[in-house]
Amino acid sequence: MRRCAQCQSPNPDSAAFCQACGTALAPPRSRPWIVAADLWDGPSMRRVALGLLPVVLFALFFGRLLTVGDLRREWRFALFHELHGLILAAGLAWAWRERPLGWVRWICAGLFGGLIAEALDAWYSYHGLMGSVSLAIWQWVGMPEDRALVYEILQILRLAAPGLALWALAYAPKPGLALRRVLALAWMALALALRSQVRGAWVSWGGLASGLGWAELGLYSLSVLALGWGLGPRGLTRDTEIH
C-alpha cells in the first residue's frame, strides 16, 4: 500500500492516481534485495515477542500434563500439538495485524501443522508401526537399521511441522521478494536447532525451581522468538495495513 502525499489516503501499489483526491502518485520505488529490517527491527521484534508470549506460557502450563508417571496419555499429546499450533498461529496473525480472512489462513495452517506433529509423534510412539514402515523405508534406501536415528529424524520433523505448515500455507503466499521466504526458512532452521536442545520436562512451573529449569526456559523462548521473527512482519509501522 502507498499513501498519497496530498491527503494521506492509502492506495494500491498499482494505482497511478490517488483514489480519494485524484493526485498523481509517485511511482513505487524498487526494494533492495535485502534491507536492515529483514535482519533486525526493534518495533516489529517487540510485537512478535508479545504475540508469541502465550506460546511460552502455554508450554509452562501444559508441559507437565503430557504424561502420568510412565503412562502416555495420547489425547493429551494430541491436544497439546493442536493447541500449540493454534496459539502459535494466532500470535503471528496478531503480529501481522491480519484481517479476518488472514486470521483464518494462519489458524488453519497452525492446526494442520499440529495435526502433522501429532501424527509423527504417534508414529514413533507406537513401535509396531515404526518397525513395519519407518525401518522398512530406512532399509530400502540402503541404510543400516538404527532405531535411535529414526527417532531423532521423526522428532526433528515433528518439531518442524507447525513452522513448515505456517510458512507454506500462510507466510509464503504473502507478496514480497523470494529472498524473504528464504530468510524465513533460515530463521526457522535456527529455531529448530535451538528447540532440539530443549529438554521439555524442565519447561514447566515446577522446573523453574532450579537454575537448569530457567536455562531450559530461556533456550525454549529463544527458539520461539527465532521462529516468530522468521514468520513475522518486519519493518511494519502502526498504520500499516496488511491484506
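The protein has a mean pLDDT of 81, and 78% of its residues reach 70 or more; pLDDT is the predictor's confidence in each residue, from 0 to 100. This is a predicted model, in which local features need pLDDT of at least 70 and side-chain atom pairs count only at pLDDT 80 or more, while totals for chains, interfaces and linings use all residues. Residues are numbered from 1 along each chain as its sequence is written, and side-chain values use heavy atoms, with hydrogens and water left out.

**Confidence by element**
- Among the elements (DSSP runs numbered from the N terminus: helices, H or I, at least four residues; strands, E, at least two), mean pLDDT is lowest in strand 3 (residues 67-68), at 60, and highest in helix 8 (residues 211-231), at 93.

**Helix 3**

**Salt bridges**
- The count is 3 salt bridges, each a side-chain nitrogen of Lys or Arg within 4 Å of a carboxyl oxygen of Asp or Glu.
- Lys-174 and Glu-98 pair at 2.7 Å, N to O; they lie 76 residues apart, in the loop between helix 6 and helix 7 and the loop between helix 3 and helix 4, respectively.
- Both Lys-174 and Glu-98 are buried (under 20% relative accessible area; exposed is over 50%, partly exposed in between; 1.4 Å probe, protein chains only).
- Glu-98 also bridges to Arg-105, with the closest N and O atoms 3.8 Å apart.
- Arg-199 and Glu-216 form a salt bridge at 3.3 Å, N to O.
- Arg-199 is partly exposed at 45% relative accessibility, whereas Glu-216 is buried at 6%.
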